[in-house]
Amino acid sequence: MATSPQTGALLIFMLLLINVMAIQAHLSSKYYEKSCPKALFAIPKSVRTAIAQEKRMAASLIRLHFHDCFVQGCDASILLNETSSEEGEKTAIPNNSVRGYEVIDNAKSKVEKLCPGVVSWADIIAVAARDASVYAGGPSWSVKLGRKDSKTANKNLTFIELPSFSDGLHKLISRFKTKGFTARDMVALSGSHTLGQAQCGTFRERIYNNKSNIDAGFARSRRRSCPAVGGDRNLAALDLVTPNSFDNRYFKNLIEKKGLLHSDQVLFSGGYTDNIVLEYSRNNKKFYSDFASAMIKMGNLINPSRGEIRRICSVVN
C-alpha cells in the first residue's frame, strides 16, 4: 500500500524523534564516573583561569555553547574548520564574534592527559558553559553528559536557526519554539546578556535611529564608542551597571529602555513577554532557576546522527 508524501515525511520525523529521545536517554551526569572520573574537576580549572585573565570570557563560553547547540544540536560542530568539501560554521557571519575556542582546547588537553579519547568536545563545551555561569556568580545545574562530536558542520543552518540581534519578538519566539523552547525559556536564556559585550555594528541602528524605545541618555552614552560610520567592531557592555556579574540587572535595564540590542529590548516592548521580564527583574532566584532549567533543556538538543570522540577539535578523526 503506497503512502502519501505527507505520511512519509511524518514517518521520517517520528523516526528522527525516537532516535533523538534514545540518545537523550543515554545522557547522564554520571556518564564519565568510571571512564574518566576526574574530568569534571579538570574543566573548571581551565574555565576559572581563563575568566580570571579576562572577565568577558564567562559570557563567551556560555555563548559558544548556545551557538553550538542551536545548529545540529550540541555536537561541537562549531569547532570544525572548513574543508575543500564542506564549509565550517565558525566562519559564518552569525558566528563571527563567537570566542572561547582556546579555552575549550586547553580544557580538552588537560582531560586528555587523564583519559585519552574518552571525553567529547561537545561535553566539554557544555560543562564549560555551566562553570562560566557559576564563576560569574550565576546559577549552577547538573550537566548531562555522553554527547558525541559531529563529523559534519552546517554553515547554512547558522543563518536559518540562530537568533539575530535584529529579530523582533515574534521571530525570536518562533526560532526558539522550533527548538522546543517556550517564551519563558527564551526570556530566561536571553538573560545571559547580563554578561558580555556587543559590537557596535549590532546596535548602531538602535542608538542612532530609534526614537521611541530607548532611553535618550543611554543612547548618547553608547554613541561615544560607536560612531555613526565605522568602528563596527568597537565593543560596549550589554549591561553597563554590572557587566561582569551574572545577575538580574539585565531585566531592570530593559524596563528602563536600556537594552543594548534590538533583540533585547523587544522582550519588554508591550508584548506578552513583558510580565516575564518584570518577574525576573523583581525575583533573581526565579530567574536563576528558570535559566538553569532552560540550559539543561538546551543541553538536550542532540545531533541524531552517529558521532565520534574527535582527537583534534577542528578536524574529524
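In which helix is the place of Ile160? In this predicted model, Ile160 belongs to helix H6, which covers residues 155-161. Ile160 counts as exposed because its relative accessibility is 56%, and exposed means over 50%. Together with Ile93 and Phe159, Ile160 makes a nonpolar surface patch of about 330 Å².

Glu161, in helix H6, pairs with Lys179, in the loop between H7 and H8, so the contact ties together parts that are 18 residues apart in sequence. The closest N and O atoms of Lys179 and Glu161 are 2.6 Å apart. The two partners fall into separate accessibility classes: Lys179 is buried, because its relative accessible area is 18% and the limit for buried is under 20%. Glu161, with a relative accessible area of 21%, is partly exposed.

Side chains of opposite charge can pair when their charged atoms come close. By the rule of a Lys or Arg side-chain nitrogen within 4 Å of a carboxyl oxygen of Asp or Glu, the count comes to 14 salt bridges. One of them joins the side chains of Arg99 and Glu54, at 2.6 Å from N to O. This pair links distant parts of the chain, 45 residues apart: Arg99 is in the loop between H3 and helix H4 (101-114), and Glu54 is in the loop between helix H2 (39-53) and H3. Glu54 is partly exposed, its relative accessible area being 28%.

Lys108 counts as buried because its relative accessibility is 2%, while Glu112, at a relative accessible area of 21%, is partly exposed. Salt bridges can also be connected to one another: Arg184, Glu279, Lys286 and Asp290 are linked in a network.

Rolling a probe the size of a water molecule over the atoms shows where empty space is left. What is the volume of the largest pocket? The largest pocket has a volume of about 1000 Å³. Its lining comprises 41 residues, and those nearest the centre of the pocket are Arg63, His67, Ser97, His193 and Leu261. Helix H3 (57-69) supplies the largest share of this lining, six residues. Other elements that each supply at least two residues include helix H7 (169-177), helix H8 (183-190), strand S1 (197-199) and helix H9 (200-209).

The volume of the largest cavity is about 80 Å³. Among the residues that line the largest cavity are His65, Trp141, Lys144, Arg147, Met295 and Asn300. Helix H14 (residues 284-299) gives the largest share of this lining, three residues. Five of the lining residues of the largest cavity are nonpolar, four are polar and two are charged.

Key:
Residues numbered from 1 in each chain as written. Predicted model: local features only at pLDDT ≥ 70, side-chain atom pairs only at ≥ 80, totals over all residues. Heavy atoms only, no water. Patch = residues over 30% accessible without salt bridge, like charges linked within 9 Å, V, L, I, M, F, W, Y side chains within 5 Å. Areas by Shrake-Rupley, 256 points an atom, 1.4 Å probe, with all protein chains shown as cover. Helix = DSSP H or I, 4+ residues; strand = E, 2+ residues; numbered from the N terminus. Buried < 20%, exposed > 50% of the residue type's maximum accessible area, 1.4 Å probe, protein only. 1 Å grid on protein atoms, 1.4 Å probe; cavity = no way out; pocket = protein on both sides within 12 Å on 5 of 7 lines; lining within 4 Å. Points joined across faces, edges and corners; volume = space filled by probe spheres on them. Nonpolar A, V, L, I, M, F, W, Y, C, P; charged D, E, K, R; others polar.
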